Amino acid sequence: DYGVSRYDAGVLTADAESATFYETVAKERDPKLAANWVTQELFGYLNKAELELSSSPVSAVQLGGLIDLISGDVISGKIAKDVFQRMIDGEGDPADIVEKHGLKQVTDTGAIEAIVDEVIAANPDQAAAVKEKPKSMGWFVGQVMKTSGGKANPQAVNKILRDKLGRYGSRQDQAATNPFQNRADAIVDAKLGKHASQHRIDGVLGYAELVGDKIVGQAASHQR
């Protein structure tokens with residue numbers, strides 16, 4: 001009924017106590033996520049500590065509360081493991097632990113984008129290499145998560161990095177393959193000096209204006 005694997009079902013129904021515990025954790029929650037936390041995290045800890053389920057420092061209600069925080073994007077899966085350890089250590093309910101230690105996940109895209117920009121700016125060579133080696137984007141994900149203390153929303157981090165590094169790669173390609181654009185930028189830089197970055201007409205539109213001016217000038221010369 002819960003859609004869990006045969007193996008997990010066997011572990012969870014090995015005895016009445018385990019089955020009751022799991023049913024409490026899974027009630028009105030993702031059954032597979034609940035099964036994962038019960039069988040792997042909780043039972044894994046109990047086996048290592050040589051404890052019976054009846055002696056668990058984490059109750060079914062508390063574990064269910066932790067799953068609610070994950071499902072509600074209040075904390076990431078990685079942070080959840082830290083919270084779980086604190087629950088084992090006797091710090092109480094997961095929501096209280098998250099509040100006390102400031103572990104809430106950062107979902108503000110503006111704040112995440114600022115971290116992403118900082119990481120990319122500090123690693124321009126790696127950023128340029130992402131287009132050739134897309135898998136290297138995982139390195140950036142790790143750096144952003146590290147900088148955020150593991151609190152940044154992983155989905156948001158991935159999306160922002162894909163957007164940023166995709167544009168970064170496009171700009172690098174444009175500079176390398178479009179000598180006319182490079183020349184146009186050089187002309188504008190020479191005329192505007194230190195204020196060039198504020199006044200440069202962006203991309204193709206700027207180049208089109210320059211080419212248009214040249215064509216008009218050539219036409220005028222022929223008419224003379």
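# Close-up views of a predicted helical model

**View 1. Helix H2 packs against helix H4.** Helix H2 (residues 16-26) and helix H4 (residues 60-71) pack at an angle of about 35 degrees. Their axes lie 8 Å apart. The crossing of H2 and H4 is right-handed. H2 brings Phe-21, Thr-24 and Val-25 to the contact. H4 brings Ala-60, Val-61, Leu-63, Gly-64 and Ile-67. Six residues of this contact are nonpolar, two are polar and none is charged.

Some terms need their rules. This is a predicted model: local features need pLDDT of at least 70, side-chain atom pairs count only at pLDDT 80 or more, and totals for chains, interfaces and linings use all residues. Residues are numbered from 1 along each chain as its sequence is written, and side-chain values use heavy atoms, with hydrogens and water left out. Helices (H or I, at least four residues) and strands (E, at least two) are DSSP runs, numbered from the N terminus. Axes are lines fitted to C-alpha atoms, for helices over the stretch in contact, and angles run from 0 to 180 degrees between N-to-C directions. A crossing is right-handed if the near helix is turned clockwise from the far one by less than a right angle, and left-handed if anticlockwise. Contact means heavy atoms within 4.5 Å. Ala, Val, Leu, Ile, Met, Phe, Trp, Tyr, Cys and Pro count as nonpolar, Asp, Glu, Lys and Arg as charged, and the others, Gly among them, as polar.

**View 2. Helix H2 also meets helix H3.** The axes of H2 and helix H3 (residues 31-49) come within 9 Å. They cross at roughly 130 degrees. H2 and H3 are therefore oblique to each other (under 35 degrees counts as roughly parallel, over 145 as roughly antiparallel, 65 to 115 as roughly perpendicular and the rest as oblique). The crossing of H2 and H3 is right-handed. On the H2 side, the contact uses Ser-18, Phe-21, Tyr-22, Val-25 and Ala-26. On the H3 side, it uses Pro-31, Ala-34, Ala-35, Val-38, Leu-42 and Phe-43. Ten of the contact residues are nonpolar, one is polar and none is charged.

**View 3. The buried residues of H2 line one face.** Ser-18, Ala-19, Phe-21, Tyr-22, Val-25 and Ala-26 of H2 are buried (under 20% relative accessible area; exposed is over 50%, partly exposed in between, with a 1.4 Å probe and protein chains only). Seen down the axis of H2, these residues fall within an arc of 165 degrees, so they line one face of the helix. The arc is that of the directions from the helix axis to the C-beta atoms. What covers them includes helix H1 (6-12), H3 and H4.

**View 4. Two loop residues have a positive phi.** Glu-28 sits in the loop between H2 and H3. Its phi is positive, about 60 degrees, although Glu-28 is not a glycine. At 77% relative accessibility, Glu-28 counts as exposed. Asp-73 lies in the loop between H4 and helix H5 (77-88). The phi of Asp-73 is also positive, near 60 degrees, and Asp-73 is not a glycine. Asp-73 is partly exposed, with a relative accessible area of 43%.

**View 5. Gly-77 and Asn-153 are 76 residues apart along the chain.** Their C-alpha atoms are separated by 9.9 Å. Gly-77 belongs to helix H5. Gly-77 is partly exposed, at 40% relative accessibility. Asn-153 lies in the loop between helix H9 (137-147) and helix H10 (154-177). Asn-153 is buried, at 8% relative accessible area. Which residues does Asn-153 touch, not counting those up to four places away in sequence? They are Asp-73, Gln-105, Val-106, Thr-107 and Ile-112.

**View 6. Lys-164 is a buried residue in helix H10.** Its relative accessibility is 13%. Lys-164 and Asp-117 are 47 residues apart in sequence. Their C-alpha atoms are 8.2 Å apart in space. Lys-164 touches Glu-113, Val-116, Asp-117 and Ile-120, leaving out residues up to four places away in sequence.

**View 7. The whole chain has 13 helices and zero strands.** Buried residues make up 33% of its 224 residues. Take the contacts with a separation of 6 or more: 60% of them join residues 24 or more positions apart.
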